[in-house]
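Hi there,

Here is the structure I promised you, ready to open in your viewer.

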Amino acid sequence: MSGAAMSLPAAACGFVLFLLSVQVIQGQNDWGVTYTSTQICAVKGSTVEIHCSYRYPSRINATVERTFWFTKLQDKEPVDLRTDSKYSGRVQYRCHEKSCTLRISDLRERDSAEYKFRFITNQDGKYSGLPGVTLSVTGFQVQIGESRLCRVETCTWAELECHSSCSLPGRSSYIWYKNGKKINQQSFSYSDYSYPTDSYSCTLNAYKDFPSPSVCGHGHSCNTVTYTDRSVCAFKGSSVDISCTYKSLKSIKSTFWFSPERSRRWQNPSQPEDLKTDSQYADRVHVATWRGYSTLRISDLRESDSAEYHFKFITPNFEWRSSLPGTTLTVTDPDLQVQVIWSSTGPKLICHSSCLTDRSSFLWYKNEIMIQEETSPSYGGHVDPADSYSCSYQRYRSTPVYGPKLPSVSVSPSAEIVEGSSVTLTCSSDANPAANYTWYKENEDSPKASGQIFTITDFRAEHSGNYYCEAQNRRGRQNSTLHLTVVAGAWKSAATGTITAVLLVILLPAAFLWIRRKHKSVTQSNGEERPDNRAQINMGPAATQRQPAEQEDDLNYSSICFPQNQGDALYSNIRPPQPRRQTEEQDDDVDYTTVKTENGSSAPGTRRQDDGEDVFALYSTVNK
């Protein structure tokens, strides 16, 4: 295993301090997690990043649904760090392409633990990289070595060293402070004449914002100022409290808070001004000081209030003018939101902001009604997907989170769907966080599409059926169904009409000829005779004479039914014109048009008296 190494550029950003640079691969059977280091040592108050990559068999054709980091188990299941209230507002994940980074800010000594990565696939595959990465969080400490009295009774000669539980690089540059003022000393150890009122602090130059707590050179009481928080974040328009503790052997004449950034704008930068007299903070600053404890409250915060704030006290013969880092305030726009994180026991709700931490006090609302005794950033009650939840912090409230409402589904075009056309389905649902959409067809297992819009090009009969859209977020899911039916395309309708017309043209003449021949056959069977080859009107019994049946061989008949009382048959025979013959014997080639009108109720060739009028048969022969 290689020795300790330090990345100075990373250290300057406050990330990793020291790490063992050996990669550790945990896995079996193509499942695995690879960590970039086995141990990391970081400074209290700084930020650390822990990296890993993971793999799983490609043959299972799975997708990763959940990735998270954990340090402990609950009911034998890993607990996502984001659901642990002690990490609230301090944990971020950056995961993509089979790699994941855990970032923890504002480190505390209690964050020292073994951190492990876990991923879960959609085929219920689960894997945790064990063992994980051991993180040690430490601060710098001033240790007083051998000391001896000097000539002055209250003076001692002190040997001081700057220590850390991490293995420090040999050529690190240090910073030393005496009574809050920076002194010109950059080595690991420091020797000095110390008086009972003197205090000392140290740090690495790369971590100058994270000095050690002040310690007394000898004795147990000296001049010190200790800030509760090194950094504070608050929303614009809200209020913030910045506090510290202080000690002095002498009685204190006055105390006040100031900002070095504001001091540099004054005519006398060496003499800081009380914030209460600064016009920028007029009527917005309140200070409460009592028995070694002081709190600065700034209300109606503005972005210009983002600065570093220091506390100062004055005794009859001493003035604390600290060059040690104070408390840095960052003022941002509100970004409060409820995060839904799934765990083995169901959904967990976290009141999240990039600005607030677990020290903040929250209020929770269920269906717009405040929940009593819920002040943690993690909601501890049962989460019902049918309910809406929101959280608030100081006059600022998150947008409620709730599951998808019943989706609204529309189809375009909204008229009949013609075969071969393009059809677009659209789905929408009110949800927070925003819903994801998946399209399914009834009786089919695989989804058809994902997203709010689903387009079917070249719609055909097999596309007909029931489709449903499912809207889903971390709070729940809903679906709506619609039915699609295809109608014949315009070209098919036109083709059908054309085919029908062609069939009519073919079948009607055929039927017409068949009917004529049928009628001819019936006439011949009744022994009817064809009239003579001349125009004649039969008004009497002579109309019963008929021509020989042999002469009708070349005639075709067509029967037309007239209205009642005129139901006589109409016979028509037409032939192409022929050259006129001069002999009567050749009359067989003459074309005739024969019209016969008879009463349907009397025998052919007979007369009937009706209202004084004769009903008669009419024959007409036309010679072409």
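Of the contacts in the chain with a separation of 6 or more, 59% are between residues 24 or more positions apart; contact means heavy atoms within 4.5 Å. Please keep in mind that this is a predicted model, in which local features need pLDDT of at least 70 and side-chain atom pairs count only at pLDDT 80 or more, while totals for chains, interfaces and linings use all residues. Residues are numbered from 1 along each chain as its sequence is written, and side-chain values use heavy atoms, with hydrogens and water left out.

The chain has 624 residues, and 40% of them are buried (buried is under 20% relative accessible area, exposed over 50%, partly exposed in between, with a 1.4 Å probe and protein chains only).

One sheet to look at is an open one of four strands, in the order β41-β40-β43-β44 and with antiparallel pairing. Its edge strands, β41 (449-450) and β44 (476-484), each pair on one side only. Two strands pair if DSSP finds at least two bridges between them, and β43 (residues 465-473) is joined to β44 by nine. Tyr 468 stands opposite Thr 481 in β44. A salt bridge also links the side chains of Glu 470 and Arg 477, at 3.6 Å from N to O, and Glu 470 is buried at 12% relative accessibility.

For salt bridges, the rule is a side-chain nitrogen of Lys or Arg within 4 Å of a carboxyl oxygen of Asp or Glu, and the count comes to 18. In one of them, Lys 236 meets Asp 333 at 2.8 Å, N to O. Lys 236 lies in the loop between β23 (231-235) and β24 (240-247) and Asp 333 in the loop between β30 (327-332) and β31 (337-343), so the pair ties together parts that are 97 residues apart in sequence. Both ends are partly exposed, Lys 236 at 28% and Asp 333 at 46%.

What about the rings? There are 32 aromatic pairs, counted when the ring centres of Phe, Tyr and Trp (its six-membered ring) lie within 6.5 Å; planes under 30 degrees apart are stacked, over 60 edge-to-face and the rest tilted. Phe 313 and Phe 318 make a tilted pair, 6.1 Å centre to centre with 50° between the planes, and Phe 313 is buried at 0% relative accessible area. Ring pairs also link Trp 31, Tyr 35, Tyr 54, Tyr 56, Trp 69, Phe 117, Phe 119 and Tyr 127 into a cluster.

Tyr 56 has Lys 98 over its face, at 4.7 Å from the ring centre. Elsewhere, Arg 397 lies over the face of Tyr 365 at 3.8 Å. Such a charge is NZ of Lys or CZ of Arg within 6 Å of the ring centre and within 35 degrees of the ring normal.

Happy browsing!

Notes:
Helices (H or I, at least four residues) and strands (E, at least two) are DSSP runs, numbered from the N terminus.
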